[in-house]
Amino acid sequence: MRLVIARCSVDYVGRLKAHLPLATRLLVVKADGSVLVHSDGGSYKPLNWMSPPATLRVVSPEESELEDGVLEQWTVQSAKTDDRLIVNVHEVVHDSSHELGVDPGLIKDGVESDLQRLLAEQIETLGPGYSLIRREYFTAIGPVDILARDATGATVAVELKRRGDIAGVEQLTRYLELLNRDPLLAPVRGIFAAQQIKPQARVLAADRGIDCVTLDYDAMRGVDDVESRLF
């Protein structure tokens, strides 16, 4: 992973256009080809980014005509579309690279790990004809909670959460982008499963062709207390 703190302006060019004026920002270049632009605020979400697969090309004023004051220009080209992320670097404050190695993935809390185990045992909860391929299917960017096949034989990636939010949908989207590059698995569709799913997450999932499934944890454990229910 490469971390660069720089005074820069950023333009996204393609299906949509966006501009970030000159300011000091953190540029993150990951081994999977993604490039993210962060500010010192806004929590975890980058201001702009390019998802993998992508290629990064860096040119200097000696190699190409650039705007006055630009030390180098980064062009991050998507391998799937004509979209480009163009970063004009005016000053480099910090530049370092770090080898992180293979990440073991997120360790689920008790409920999430139980949900994964129960859903793997009761895979038909997702629908008739479903079969389990495996739990914790390893990828270069982390393990997919459950990989399954539906009644048609198509591959399905399942991301599990206690409370499903937009970040979970984004995580599943990254897995799907990677899995669909494997000709032995593609096409792969996604299911976002959780005990509770926020409305914004449902909207984003629908926009990306991802199905949402609400899981009843107590019923799956076989301890559903019918008498305690109001309805």
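**A residue and a sheet**

Tutor: Q171 has a relative accessibility of 16%, so Q171 counts as buried (buried means under 20% relative accessible area, exposed over 50%, partly exposed in between, with a 1.4 Å probe and protein chains only). This is a predicted model, in which local features need pLDDT of at least 70, side-chain atom pairs count only at pLDDT 80 or more, and totals for chains, interfaces and linings use all residues. Residues are numbered from 1 along each chain as its sequence is written, and side-chain values use heavy atoms, with hydrogens and water left out.

Student: Where is Q171 placed?
Tutor: Q171 lies in helix α2, residues 166–179 (helices are DSSP runs of H or I with at least four residues, strands runs of E with at least two, numbered from the N terminus).

Student: Which residues does Q171 touch, not counting residues up to four places away in sequence?
Tutor: With those left out, Q171 touches E159 and K161; contact means heavy atoms within 4.5 Å.

Student: New topic: what is the order of the strands in the open sheet?
Tutor: The seven strands follow the order β4-β3-β2-β1-β7-β6-β5, with antiparallel pairing; two strands pair if DSSP finds at least two bridges between them.

Student: Which strands stand at the edges?
Tutor: They are β4 (48–50) and β5 (54–59), each with a single partner strand, so one side of each has no neighbour in the sheet.

Student: How many bridges join β2 to β3?
Tutor: Four bridges join β2 (residues 18–29) to β3 (residues 35–38), and the two run antiparallel. L27 has V37 in β3 as its bridge partner.
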